Amino acid sequence: MSASKPDTLASDGAKTPIPDTPLFDRAGSHRGYEMNKMAMSLVSAANREAFAADEEAYLDRYKLSPEQRAAVLARDWQEMVRLGGNIFYILKISALDPMPVTAIGAAQVGMEHEDFLVERLGKERKNG
Amino acid sequence: MAELIGGCGTSHVPSIGIALDRGLQDTPDWKPFFDGYIPAKQWIAEQKPDIAIVIFNDHGNAFFLDRVPTLALGVAEEYQIIDEGWGKRDIPSFKGAADFSWHLADAMVEGHFDPLICREIELDHGIQVPMELFFGRPEEWPVKIVPIFVNTVQYPIPTPQRMWELGQLLRKAIESWAGEERIVVFGTGGLTHQLQGARAGFMNREADKAWLAEIGPNPEKYRDWTREQFVETFGSEGAELIMWLVMRAAMDADVRTVMSHYYAPASMTGAGMVVLENEALATEEAA
Ligand SMILES: [Fe+2]
């Protein structure tokens, strides 16, 4: 096997950060653990019902920070990711009030959904 | 001896499964994507494999962050469909090629790969979607599967070079298998996508097309890349493409790209596939 270029991507992320690209490394995993755990629990239909019936009470079951709690209640995807949320887990929250993943992407970038579809993904503009 | 009939690389985007569930295949957004897979379905129907070895990643469904195996291997007789949060999809469960899986478990450990061995585990879209793209929606899947799980969610993810070596080992395991089965290997994931951060929605159509064109004839280029290059070029989630290297390394050095297809965006992802055959096999068939 030929020796490859030095690879510095590890549990503490990239030594040379890739712009605007959060990597789910040790720090993120640690920061977001309880929030991701709460989101993961929504794979159970019974838990989805409990969450839908009383979000506040459901969130009490997990040790979310006040910021994480507020971000989940507000469905603030950008904030959830900043606080250690990993898309594959927090996406399960979106199943409660379904929205396309592209809308979650747009929210993270801070763009209107339609603009995001056109400018980032290269789709044709439908409205306006 | 078992026969390696080919290697397939394909995207496994969850929205593809949702589009199928909702019958959206013929809508303008999806038709060009699904039409591109028609030749792949024909190819695999003609090839009639008995076993599909599928390299994929779980997306926070079977594994949570409490334990993250870098590599895991399914050895079950049957695999159920997992509920990812939207309800369990109405597709058949998968039959496992358990004997081959245990043979592979031995080969991996003897070859100094040490996977988590999974006797009972449910499978997510990472494996469902490739099967649906190649086999459609049968009452029962026409192949038994061998799932190989690779962690691509939490860093450190494995290196491209390690994926390559795993593919080489997989080839040896296929060759040392006493059965007579026809075997196909699937590398799944990608192409470009980034679902998180301010670069979310990053698309790199040029890099995607180059990948599809070069993974057959020029895979060393990608084998020698760093993980950073994968993330930079294909996006944080597009780095899943390292899993295609397992498939590619299981094939001969000389392969023929039988077909390829590209469409973007499928949801937020560059989507596509290649089908590779060993050049030696193609010559044999022509003779
Ligand atoms: Fe994936």
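**Close-up views of pockets, cavity, domains and selected residues**

View 1. A pocket is defined on a 1 Å grid over the protein atoms alone as an open set of points with protein on both sides within 12 Å along at least five of seven lines, and lining residues have an atom within 4 Å of a point. Grid points are joined across faces, edges and corners, and a volume is the space filled by probe spheres set on the points. The model is predicted: local features need pLDDT of at least 70, side-chain atom pairs count only at pLDDT 80 or more, and totals for chains, interfaces and linings use all residues. Residues are numbered from 1 along each chain as its sequence is written, chains are lettered from A and ligands numbered from 1 in the order in which they are written, and side-chain values use heavy atoms, with hydrogens and water left out. The lining of the largest pocket comprises 45 residues, with A:V101, B:P14, B:S15, B:I18 and B:S267 nearest the centre. Elements giving two or more residues to this lining are α7 (87-94), α8 (101-109) and α9 (113-120) of chain A, together with α1 (14-21), α5 (125-135) and β9 (255-266) of chain B. Helices (H or I, at least four residues) and strands (E, at least two) are DSSP runs, numbered from the N terminus. The greatest contribution, 6 residues, comes from α1(B). By class the lining holds 20 nonpolar, 15 polar and 10 charged residues, where Ala, Val, Leu, Ile, Met, Phe, Trp, Tyr, Cys and Pro count as nonpolar, Asp, Glu, Lys and Arg as charged, and the others, Gly among them, as polar.

**View 2. The two domains of chain A.** Chain A is assigned domain 1 (26-96) and domain 2 (98-128), with bounds from an automatic or database domain assignment. Taken over C-alpha atoms, the domain centres are 23 Å apart. Each side supplies 8 residues to the contact between domain 1 and domain 2 of chain A, contact meaning heavy atoms within 4.5 Å. Both domains also give at least three residues each to the lining of the largest pocket. Chain A contains 9 helices and 0 strands, and its C-alpha trace spans about 55 × 45 × 30 Å along the principal axes. Among contacts in chain A with a separation of 6 or more, 41% join residues 24 or more positions apart.

**View 3. The second largest pocket.** This pocket holds about 320 Å³ of space. Its lining consists of 23 residues, and A:T21, A:P22, A:L23, A:F24 and A:D25 lie nearest its centre. The lining divides into 10 nonpolar, 9 polar and 4 charged residues.

View 4. The volume of the largest cavity is about 120 Å³. Of its 14 lining residues, B:D58, B:F63, B:V68, B:N151 and B:V153 lie nearest the centre. The lining comprises 9 nonpolar, 4 polar and 1 charged residue.

View 5. A:R48 lies in helix α3 (residues 45-53) of chain A and is buried, with a relative accessible area of 14%. Buried means under 20% relative accessible area, exposed over 50%, and partly exposed in between (1.4 Å probe, protein chains only). Leaving aside residues up to four places away in sequence, A:R48 touches A:L42, A:V43, A:L96, B:D83, B:G85, B:W86 and B:G87. A polar atom of the A:R48 side chain is 3.2 Å from the backbone oxygen of B:G85.

**View 6. Helix α9 of chain B.** Helix α9 (residues 227-234) of chain B is mostly covered, with 7 of its 8 residues buried. These are B:R227, B:E228, B:Q229, B:F230, B:V231, B:T233 and B:F234. They pack against α6 (160-175), α7 (205-214), α8 (220-223) and α10 (244-250) of chain B. After α9(B) comes B:G235, which has a positive phi near 90°.

**View 7. The exposed residue A:A74.** A:A74 belongs to helix α5 (residues 66-74) of chain A. A:A74 counts as exposed because its relative accessibility is 55%. Its C-alpha atom lies 13 Å from that of A:I104, 30 residues apart along the chain.

Definitions and conventions. A polar contact is a pair of N or O atoms within 3.5 Å; within protein, one must be able to donate a hydrogen and the other to accept it, and residues adjacent in sequence count only if both atoms are side-chain atoms. On a 1 Å grid over the protein atoms alone, a cavity is a set of points where a 1.4 Å probe fits but cannot get out, and a pocket is an open set with protein on both sides within 12 Å along at least five of seven lines; lining residues have an atom within 4 Å of a point.
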